Amino acid sequence: MPINDDAIVLRTTDFSETSMVVTFFTRENGKIPCLAKGARRLKNPFDTAFDAMNECKILFYPKRGETLQLVTEARLTQRFRVQSDTAIYAGFHVVDLLNHFCENFHAQNELFDLTQNVLNDIVSLEAECRRHPIWEPPRSLSRCLFHYEMSLLEALGTGPALRHCAECGAAVDSRNRRRAAFALLDGGVLCSNCRPGRTRVVSISIEALRVMQKLADPNPMYWRRLPIRDDILSEVRNVWNQYLSHQLERPAPVLRWLKR
């Protein structure tokens with residue numbers, strides 16, 4: 001039986017002279033790679049629905065025991081309409097992370113809504129992105145991407161411990177302290193008792209740690225309008241880029257662009 005589902009286009013790859021493989025992230029079925037027959041023809045039934053970051057309604061036929069499903073219909077519901085390079089890079093960064101971390105056929109409605117929201121945020125920030133050079137993305141965009149990255153890892157069970165020691169679970173007391181230890185391998189902050197002997201540990205200021213805590217909060221009141229000094233924003237991104245690259249198990253070129 002065919003299945004209807006809401007979908008976000010993650011990526012496309014050529015399959016043959018006339019067909020392509022489209023990877024979707026769907027609301028009810030998770031990430032699914034689909035074969036779209038005839039999608040590379042000049043006149044095809046899918047039009048521009050398969051552009052990356054677009055949202056569409058798809059009809060696909062599940063095939064047991066096979067990786068590729070067959071998509072036969074795709075109706076565009078929302079286009080990722082941006083022109084600035086900054087916004088385009090941000091959109092590709094979002095779908096690249098989702099494609100990397102999510103397994104096929106594992107439904108997670110929370111991640112669908114989270115991704116839908118951040119892509120809408122990027123579109124709404126298009127005018128602001130145009131006013132900034134590509135090497136200096138606006139702070140509002142940085143906040144959205146920070147929140148998305150942290151929320152994505154948290155939903156997948158690999159988010160860092162920011163309020164309690166990643167090793168013993170004790171609350172990390174930030175009073176009368178200027179810096180904290182953030183362990184890339186152990187997954188978050190460490191208390192003074194668990195710090196000795198640990199490797200791949202970076203030092204982070206208490207102010208930057210508090211900013212990370214607010215950026216990770218699911219309540220938008222805590223992060224959307226959060227004032228962040230440039231030096232703190234750079235410190236947070238530097239520490240977070242190292243942690244995210246460790247979770248990716250590879251360098252992420254876009255993170256060198258997202259230095260703030």
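Reply: Let's start with the open sheet of three strands, which has the order 7-6-8 and antiparallel pairing. (Strands pair if DSSP finds at least two bridges between them; strands are E runs of at least two residues, helices H or I runs of at least four, numbered from the N terminus.) This is a predicted model, so to speak of a local feature needs pLDDT of at least 70 and a side-chain atom pair 80 or more, while totals for chains, interfaces and linings use all residues. Numbering runs from 1 along each chain as its sequence is written, and side-chain values use heavy atoms, without hydrogens or water.

Strand 7 (188–190) and strand 8 (201–205) are the edges: each has a single partner strand, so one side of each is left without a neighbour in the sheet. From one strand to the next, the twist averages 45° (axes are lines fitted to C-alpha atoms, for helices over the stretch in contact, with angles from 0 to 180 degrees between N-to-C directions). Strand 6 (residues 179–183) is joined to strand 7 by three bridges, and Ala181 sits opposite Leu190 in strand 7.

Two helices lie across these strands. Helix 5 (residues 206–215) lies across strand 6, strand 7 and strand 8, at about 90° to strand 8. Helix 6 lies across strand 6 and strand 8, and its angle to strand 8 is about 155°.

Strand 2 and strand 3 run antiparallel, joined by seven bridges, and Phe25 has Lys31 in strand 3 as its bridge partner. (Contact means heavy atoms within 4.5 Å.)

Asn99 lies in helix 1 and counts as buried at 18% relative accessibility; buried is under 20% relative accessible area, exposed over 50%, partly exposed in between, with a 1.4 Å probe and protein chains only. Setting aside neighbours within four places in sequence, Asn99 is in contact with Leu10, Arg11, Thr23 and Lys31.

Among the buried residues of helix 2 are Leu111, Phe112, Leu114 and Gln116. Their cover includes strand 1, strand 2, strand 4, helix 1, helix 3 (126–130) and helix 4 (139–155).

Now the rings. The whole structure has four aromatic pairs; Phe, Tyr and Trp rings (six-membered for Trp) pair with centres within 6.5 Å, and planes under 30 degrees apart are stacked, over 60 edge-to-face, the rest tilted. Phe24 and Phe50 have ring centres 5.7 Å apart and planes at 65°, so they're edge-to-face. This pair links distant parts of the chain, with Phe24 in strand 2 and Phe50 in the loop between strand 3 and strand 4, 26 residues apart.

Trp240 and Tyr243, by contrast, are tilted, because their ring centres are 5.4 Å apart and their planes at 35°. They take us back to helix 6 (residues 230–248), where they're three residues apart and so separated by about one helical turn. Trp240 is buried at 0% relative accessibility, and Tyr243 is buried at 2%.
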